[in-house]
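Opening the notebook on this one. I'll jot down what I looked up as I go.

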Amino acid sequence: MAKLSDFELQLGDKCVLPLVIGGMGVDISTSDLALEAARLGGVGHISDAMSPYVSDSKFGTKFQSTKRREFVKAYSLDNSLHAKWDPEPTYKATYNQVQDTMGRKKGDGLVFINVMEKLTMGNPCETLRARLEGALDGGIDGITLSAGLHNSSLRLISDHSRFRDAKIGIIVSSLRALKIFLRGAKRVNRLPDYVVVEGPLAGGHLGFGEDWKEQKLENIVSDIIQYLSKEQLPIAVIPAGGVFTGTDAVNFIKSGASALQVATRFTISKECGLPDVAKQSYLQANEEDVEVNLSSPTGYFMRMIKSSPSLQSNVKPNCDTLGYLLDREGNCQYRDAWERGPVDERGVKLPISEKMCICYHFMRHQCYTCGHYVYRLKETTERLPNGEFYLPPMEHIFNDYMESEDFKINVAKAPSDSVEKVTANS
Ligand SMILES: Cc1cc2nc3c(=O)[nH]c(=O)nc-3n(C[C@H](O)[C@H](O)[C@H](O)COP(=O)(O)O)c2cc1C
């Protein structure tokens, strides 16, 4: 019986194991998680979501507070102003994050960065260029373009010296979206090296409308493989969304995929950036605790655990300090919903159920987005005497994907000293 470790992913001159840990912002797919994936011979992702904030917390820079101070000063002179994004700090923040990560890289695998087009920052084109250039200059192995059609993203970096040497891929949820991207790619004569095909069971934002329930990853992958083969386009196809065991992964490879992208299984790993309280919520979740809703101000559907603190919040919009989602005109759907939102008899805003302040809640890891099979995580690791679950190192989960046969999961066992500690404290 074939195992995932029997296969390889060839990306140009690079050959790696066919498992990609997907990007999870904000700093959920940490550098440590991505570096472990690379050390083990696979592909890891960092995410550039809110990189100024991530750089400030990790490297002591002051990008976020400077932006706020400058806005307050300008606003005191003209209160019709909207927060403005200067691309330069965004470039530096991405560069810091990537350079630090790549400087620590070991092993034969690769580290990519996930770059979401929807983070428009009130200045969509220039901030996107800064983010892409920051990643390339920082030495990233590859860029995964996501959350958007990325019509002109390749053009923005077509003069960069690493435009052809760094790997570039895009996440799509339909053949139609891929065709639109390929039209732009042909204009700059640069095919993507890979395409991640994300189905309706994935975590994060979904690239589908109301009909997401009727979609099947297998069908979209098959359409895309047939199209690429007919057009003789040598692009690796990487399905994502609901691939829970190594055997699920092998089945996709047998039908023509080159590798798989996974995320939810790694959200409970030691290296994942979520706080332990969120990891335990993922582990405790049952199927009925998960919903797909439209609370994200991006306008995309998103899957999350219903008890996410972000869904019970009345937080004041943080657009002037954060504002990663501001459109060109300085608008954000959460700010509109908050301004319209109801107040109690003392004039205090009631929780805004319609939308969430995604910048604020992602910064605090309070939006528990997850893949459909989050409720199966409890099958993958040992329950401790105090009712909590053991949080395994990512290496265990990675190796389980590699070696699993017959849909089996190698349950992570807590080392005996950590079980004793929990028993003594309970
Ligand atoms: C907690 C979490 C955060 C995510 N954040 C992002 C993101 O910032 N950008 C993105 O393109 N995809 C994001 N995703 C999607 C994953 O990268 C991945 O493609 C998908 O979840 C794979 O499906 P699986 O979780 O069922 O394995 C996220 C997924 C999870 C679970």
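Which residues have the most contacts inside the largest nonpolar core? I got Leu19, Ile143, Val195, Val197, Ile238, Leu260 and Cys359, in a core of 126 residues. A core here is a set of buried Ala, Val, Leu, Ile, Met, Phe, Trp, Tyr and Cys residues joined through C-beta atoms within 7 Å. Buried is 20 or more other C-beta atoms within 10 Å of a residue's own, C-beta atoms being placed from the backbone.

Ground rules: this is a predicted model, where local features need pLDDT of at least 70, side-chain atom pairs count only at pLDDT 80 or more, and totals for chains, interfaces and linings use all residues. Numbering runs from 1 along each chain as its sequence is written.

Strands are DSSP E runs of at least two residues and helices H or I runs of at least four, numbered from the N terminus.

Then Cys359. Leaving out residues up to four places away in sequence, Cys359 touches Met50, Asn318, Leu322, Gly323, Tyr324 and Leu325; contact means C-beta atoms within 7 Å.

On to helix α9 (residues 246-254): I found Gly246, Ala249, Val250 and Phe252 buried. Down the axis of α9 they fall within an arc of 160°, so they line one face of the helix; the arc is taken from the directions from the helix axis to the C-beta atoms. Their cover includes α8 (217-230), β10 (236-240), β11 and α13 (394-403). Just past α9, Gly256 has a positive phi of about 110°.

Key: A residue is buried if 20 or more other C-beta atoms lie within 10 Å of its own, exposed if 12 or fewer, and partly exposed in between; C-beta atoms are placed from the backbone. Two residues are in contact if their C-beta atoms, placed from the backbone, lie within 7 Å.
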